[in-house]
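These are my notebook entries on one structure. I wrote down what I looked up, in the order I looked.

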Amino acid sequence: MAPTSVHAPLKEADIQSTKASSIKALTESGSVTSVPSEYSFTLNPNDQADSNDPDHSIPTIDFSLLTSGSPEQRSNFLHDLRKACEDWGFFMVINHGVEESVMKGMIDECEAFFNLTDEEKKEFQGTRNALDPIKCGTSFNVAIDKVLLWRDFIKVISHPEFNSPHKPAGFSEAALEFSKRTREVATELLKAISETLGLESDYIANAMNWDQGLQMVAANYYPACPQPDRAIGIPPHTDHGLVTLLIQNQMGGLQVQHKGKWVNWNAMPNSIVVNLGDQMQVLTNDMYKSVWHRAVVNNTATRISIAVPHGPSVDTVVVPSPELLEREGLPPSYSGISYKDYITLQQSAKSYMKPCLDNLRIHGK
Ligand SMILES: O=C(O)CCC(=O)C(=O)O
Ligand SMILES: [Fe+2]
């Protein structure tokens, strides 16, 4: 999916001209009644989500059937999970066992983080390295962004080592609990996904060095926007890892590409949204695909979302599963690079808003 906005790259002077190191500060300055030109992003009319599209077909997965269902329920669960992975690459998980208080506590602490002054946040801005243990900022990477995004972010690496800003006071505790609990769900889901592929339940974990697997907690802050059709929270992209878990406050804004159309993802309260990432596509040799998605903004209230990408250990060189290739009698569609190199490539100017997986695709596939 190509980006749909054509703009000359921003010059450093243009970026500074916004005088805002955060979109939050800019919107709260009271001076923004229309979208400033450096944020201008318009979707192609053909690329708009159709708001009349029924959303009831969004796959919903009842996690309790996996962990405590009867054998028949478990087998139905695996059937539904396989279908969701094949047809959508996105699904909504309910009864996942992560308490509402843990999810809400994390959203509240992220909000408190964004409420710190720009001066206080500076300490945590990181170095522009994709694998900074702690990193906050605005847009995506102002050094390469062609258009500034209508969002601020805070991102921490929470596994294999847990990192956290020391402000606000409750952030670290909330993030530790939230990251542990979401990782438990991801671990069980990966076992189930292995089974849906006809592999041993620990296959993906072993192949991906899951014990040392990378987990990040990445919170997005999208303030209300006076002209939501003229700005974008996060442009179309796929996620780099194996699976991403995502929660949000009461505001929607996630849109997912499904069978060539963009669909509004109206998540049920307290559900966790799960999507497959690029490493899953490589590992399964395209049986399960990573899915294009984006975050649009609204003119009503601030939206906060928290994405929790889970991947292999950073040194793992991910290749299509030899077991799957042999069983299906297929050649590999991708050459392997380490997960660390893949993340760096994806976040570089070379791959900015382009399909990063194309870089690994073996010619003729
Ligand atoms: O805010 C959202 O709904 C999507 C966030 C997202 O896709 C990401 O952080 O990778
Ligand atoms: Fe994403």
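Before anything else I noted how elements are named: helices (H or I, at least four residues) and strands (E, at least two) are DSSP runs, numbered from the N terminus. The model is predicted, and local features need pLDDT of at least 70, side-chain atom pairs count only at pLDDT 80 or more, and totals for chains, interfaces and linings use all residues. Residues are numbered from 1 along each chain as its sequence is written, while chains are lettered from A and ligands numbered from 1 in the order in which they are written.

Entry 1: positive phi.
I looked up N285 and found it in the loop between α9 (278–283) and β11. N285 is not a glycine, yet its phi is positive, about 55°. Most residues other than glycine have a negative phi, and most peptide bonds are trans. I then asked: is N285 buried or exposed? A residue is buried if 20 or more other C-beta atoms lie within 10 Å of its own, exposed if 12 or fewer, and partly exposed in between, with C-beta atoms placed from the backbone. N285 has 20 other C-beta atoms within 10 Å, so N285 is buried.
S139 also went on the list, with a positive phi near 60° in a residue other than glycine. I found S139 in the loop between β3 and β4. S139 is buried because 23 other C-beta atoms lie within 10 Å.

Entry 2: V142.
V142 sits in the loop between β3 (134–138) and β4 (152–159). V142 counts as partly exposed because it has 19 other C-beta atoms within 10 Å. I also checked R128, which is 14 residues from V142 along the chain; their C-alpha atoms are separated by 9.6 Å.

Entry 3: cis peptide bonds.
I found a cis bond between H159 and P160, with omega about 5°. P160 belongs to the loop between β4 and α7. A cis bond also joins K167 and P168, with omega about -10°, and P168 lies in the loop between β4 and α7.

Entry 4: helix packing.
I looked up α4 (residues 71–87) against α7 and read an angle of about 85°, with the axes 9 Å apart. Axes are lines fitted to C-alpha atoms, for helices over the stretch in contact, and angles run from 0 to 180 degrees between N-to-C directions. α4 and α7 are therefore roughly perpendicular to each other (under 35 degrees is roughly parallel, over 145 roughly antiparallel, 65 to 115 roughly perpendicular and the rest oblique). L78, L81, R82 and C85 of α4 make the contact with A192, I193, E195 and T196 of α7 (in contact: C-beta atoms, placed from the backbone, within 7 Å).
Next I read α5 (residues 100–114) against α7 (residues 171–196): the angle is about 140° and the axes are 9 Å apart. α5 and α7 are therefore oblique to each other.

Entry 5: ligand 1.
Which residues surround ligand 1? I listed A218, N220, I234, D239, L246, G253, L254, H293, A295, S305 and A307 (near: C-beta atom, placed from the backbone, within 6 Å). At least two residues of this shell come from each of β5 (215–222), β11 (293–295) and β12 (303–310). By class, the shell around ligand 1 has six nonpolar, four polar and one charged. For these classes, Ala, Val, Leu, Ile, Met, Phe, Trp, Tyr, Cys and Pro count as nonpolar, Asp, Glu, Lys and Arg as charged, and the others, Gly among them, as polar.

Conventions
Contact = placed C-beta atoms within 7 Å.
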